[in-house]
Amino acid sequence: MPFTLEQFQIFSEKTLLYLYILNIDGKIISCNERGRLLFSKNNKDIDQRYLTDVMIDEDIAIFNLSVSKLSKKNTVVSNTVRFSWEEDDLLSLKFEFTLHNDLIYAAGLDATEEYKEHRALSTISRLTKTGGWYYNPRNDNMYFSKGTYDIKEVPYNTPLTLEKAASFYDSDLGKEALEKIEKLINDKTSFEYKGRVTTNKGNKKWVKVMGEPVIYKDEVIYINGTCADVTDRHNYIERLKHSEETKHLALKGIQSGLFDYNIQKKEVFYSVDFKKMLGLSLKTDFVHEDEFRKMIHPDDLEKALERHYQNLIEEGNYYHNHYRLKHLKGEYRHYEVFGFRKKNKTGETIRMIGNLIDVHQRKINERTIAINKTKLQAMVNNGFDYIILLNPEGEILMADDRSLKVIKRDFNVDPLEKTSRFIDVMPLNFKNTFAYQFNEALKGNIIKKDIERIGYDNKPQWYESKYTPIIDKHNKVNSVLVSFHDITEQKLAEMVIKDAYIKEQELNVLKSNILSNFSHEIRTPLNGIMTVSKLLLDEKRPQEIDKLVQYLEESKDRLLYTIDSLSNYSEIEAIKNNLHLQDLDLNYTVESSYREYKHLADSKKLKYNIELDETCPKVTLDQNLFRTAINNIIQNAIKYTEQGSINITINSENLENNAYISIIDTGIGIDSENLKKIFDPFMQESIGLNRKYEGTGIGLSLSNRYIEILGGTITVKSEVGKGTVFSIILPKCL
Amino acid sequence: MNILYVEDNKINAMVMEKMLSKNNANVIIAENGLKALKLVKNNSLDLILVDINLGLNQMDGCELLQRFKQLDIIKGLPVFAVTAYAMPGDKQRFINIGFDNYFSKPVNFDKLLSVIANIKSSLGKREQTI
């Protein structure tokens, strides 16, 4: 049932709405009484007026935009614009514009109060970095105010869901936030929640979110909330916490007690930690000075008070004192007091603020250092016999007590008072080697050298001298530490061992000489017996004598076997004990053997060469034994070579500790079966009995044994028909 | 074939002479080095056998060998050591100082006689060629 015209006229005049009909340019065609009021309040006639004539400049653009939208789309557009109102006031009208038959129908509601509130709220929102939000759990609508969009740095009016809103939180916090919402819906209680979010632009922020339920018929139909950016506050609190902690730790670390001493009242205020440490009551703020003085060590009290009163009357403002204080646990600890005195107009100290510092550990350290220094001194004076520190010029910088005493006694000079070169005040025996060793030490080497001297009691003494370079941070030798360590006992013990060894050697020589003579003395008559026996065998003889000759043969065979075994048994030992070792020039020694067989090689028209070692290695050898060994090999090589060459080479250049000799022939060679047994003396015996090869087999076996006795090794390689290579390796003298 | 045997031990000298004579050699005995040096000059020899230990304070076989070597007459004449020094290394020692062969006591006559036979046969050949 539509309004009658009269009903409508009454309605339009009685309404709170400001009603206007405008043409498309915005010129007012007609309006109600209330609409006219807008112009009369501005002392303006309404005829031929535009609505924008009383509109504030800032909002004209908004109005024009709304009207232009209207002309394009045939819908309702709403907007709030402000008008001038009486003197200094503003009227905010929330309009709804409709286009009908090319006329604009505008209905505006007074929203001045709401608008003011809105402006204030949005200012607060901006200033406090707080936004609003709401969520409707029934239709899942999620809304952010502009402030909230700003915090999350998301473009205004981006469509939202609850999940999207939660997704800004860091990992688990988002899940937690959703749980909070769920809990609110179930429990119908508000919540407060703090978490870190990552904004749309990737910035990290701390936010504080509050939510409050709107309940309708015992059901949560709406959740209103705020979202505040609390990053600054969070960081500030964190910093504050940190600095509080630092201060706390610092105070704990130095175990100090802050105090405020009211001298007139004789009362002291101590910090809580300090009171705890000393076991003072925490209930009272002030401690009476008498009570405090009871805790000072009785031995320290008198002097501490003396210093205290002296301090109070001194000029300036500073205060310093020290004493031991009794701790909660009953032990006394060392404290130092540093204070600042406040004086009244007459110059009297009335108050003092200061700090009690626990210096117990420092005091203990000082004492430990003092003890260690004494110990070090004791070590220096007892650990070595003599120690002297020299500068690079060889002048004495420091010396132990004993060295100083000797120098003072022998040279009547104190090197610590008068600069003295060590070489001028040292015992004569030391001078020979000093310069060399000192120079070596200056190069950065640690040098050791044993020195022998005759002591005051005419007995020999031995010292191990050691030169140790002391290197500064620029890697330069800035001094040399020379120490002399008495090794007389050690040397004497070594000499006893050496004597015993020589005696043992002598006994061994004696033993093998006895054995050798014994062998000779048995063999001589045995020769007679055996020859007679053999002669008898050849004679014609009666049968009964024949049996006796048989017995004689058997017995002499057995005796010969015994004496041969005895000789062989003692072989190695006998040779070892009769070694005559010398440092020989290997080139010369081998060349002598080479020359010895030159005629033999020449007679067979063989090429016979020797190649000497340019480094001239020296080897410790028994000349006879070595010559026997090498002669056998050379002789052997010539013997088994019918044409071609014999090459002897001495070489040690590529070997660090050894010398190498090779004897290469182009002879008949040795097959692999015999090569294995070539140094086997039992094998050789059978070869040796063969007349054709007589002498040679045993010779190689001897060569092998002798070279082994001399500390070397022999190896042999051979190919039948091509030749043989003998290689000898011997340790060089170093 | 003339063989000089330098040997101080009478029994050993005697049995050697007996053994070699049986094998058609003429053996001259010298009981010390000095006698041997004289005999060498006055006799045409084919082989000399020398004992090494020729008694206390006497020239030994090694020294005698060196003395022989100074004589022209003896050049090319084989000199063998025949000795009771038969410890390991002894043989090499005597060969090294210049003996042409070495026989330890008790003498292995099979070996010695065969060596002598070789010398004899080479002498025969030489004589033939002459």
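This is a predicted model: local features need pLDDT of at least 70, side-chain atom pairs count only at pLDDT 80 or more; totals for chains, interfaces and linings use all residues.
Chain A contains 22 helices and 28 strands. Of its 734 residues, 22% are buried. Among the contacts in chain A with a separation of 6 or more, 49% are between residues 24 or more positions apart.

One open sheet of chain A is built from five strands in the order β2-β1-β5-β4-β3, with antiparallel pairing. Its edges are formed by β2 (28–31) and β3 (77–85) of chain A, each of which pairs on one side only. From one strand to the next, the twist averages 30°. Within this sheet, β3(A) and β4 (89–100) of chain A run antiparallel and are joined by nine bridges. Helix α4 (residues 112–128) of chain A lies across β3, β4 and β5 (103–110) of chain A, and runs at about 110° to β4(A).

Another open sheet of chain A also has five strands, in the order β18-β17-β21-β20-β19, and the pairing is antiparallel. Because β18 (396–399) and β19 of chain A stand at the edges with a single partner strand each, one side of each is left without a neighbour in the sheet. In this sheet the twist averages 25° from one strand to the next. Two helices of chain A pack on the sheet. Helix α13 (residues 401–411) touches β17 (386–390) and β18 of chain A, and its direction makes about 85° with that of β17(A). Helix α14 (residues 428–442) touches β19, β20 and β21 (477–486) of chain A, and its direction makes about 170° with that of β19(A).

The pairing of β19 (447–454) and β20 (460–471) of chain A is antiparallel and extends over eight bridges. Residue I447(A) has Y467(A) of β20(A) as its bridge partner, while I454(A) stands opposite P460(A). The two strands form a hairpin with five residues between them, where N458(A) takes a positive phi near 70°.

In soluble globular proteins, nonpolar side chains tend to be buried together. The largest nonpolar core in the model has 34 residues, and those with the most contacts inside it are L4(B), V6(B), L49(B), V50(B) and A81(B). Elements of chain B that give two or more residues to this core are β1 (2–6), α1 (10–22), α2 (33–42), β3 (47–50), α3 (61–69), β4 (79–83) and α5 (109–129). Leaving aside residues up to four places away in sequence, L4(B) touches I28(B), A30(B), A36(B), L39(B), V40(B), N43(B), L45(B) and I48(B). A second, separate core has 33 residues, including V590(A), F626(A), I633(A) and I650(A).

Residue V590(A) also belongs to helix α17 (residues 586–596) of chain A, where it is buried along with L586(A), T589(A), S593(A) and Y594(A).

The contact between the chains takes 22 residues from chain A and 21 residues from chain B. On the side of chain A that touches chain B, the elements giving two or more residues are α15 (488–538) and α16 (543–577) of chain A. The largest share, 14 residues, comes from α15(A). By class, this side of chain A has eight nonpolar, 10 polar and four charged residues.

Note on methods. Residues are numbered from 1 along each chain as its sequence is written. Chains are lettered from A and ligands numbered from 1 in the order in which they are written. Two residues are in contact if their C-beta atoms, placed from the backbone, lie within 7 Å. Helices (H or I, at least four residues) and strands (E, at least two) are DSSP runs, numbered from the N terminus. Ala, Val, Leu, Ile, Met, Phe, Trp, Tyr, Cys and Pro count as nonpolar, Asp, Glu, Lys and Arg as charged, and the others, Gly among them, as polar. A residue is buried if 20 or more other C-beta atoms lie within 10 Å of its own, exposed if 12 or fewer, and partly exposed in between; C-beta atoms are placed from the backbone. A nonpolar core is a set of buried Ala, Val, Leu, Ile, Met, Phe, Trp, Tyr and Cys residues joined through C-beta atoms within 7 Å. Two strands pair if DSSP finds at least two bridges between them. Axes are lines fitted to C-alpha atoms, for helices over the stretch in contact, and angles run from 0 to 180 degrees between N-to-C directions.
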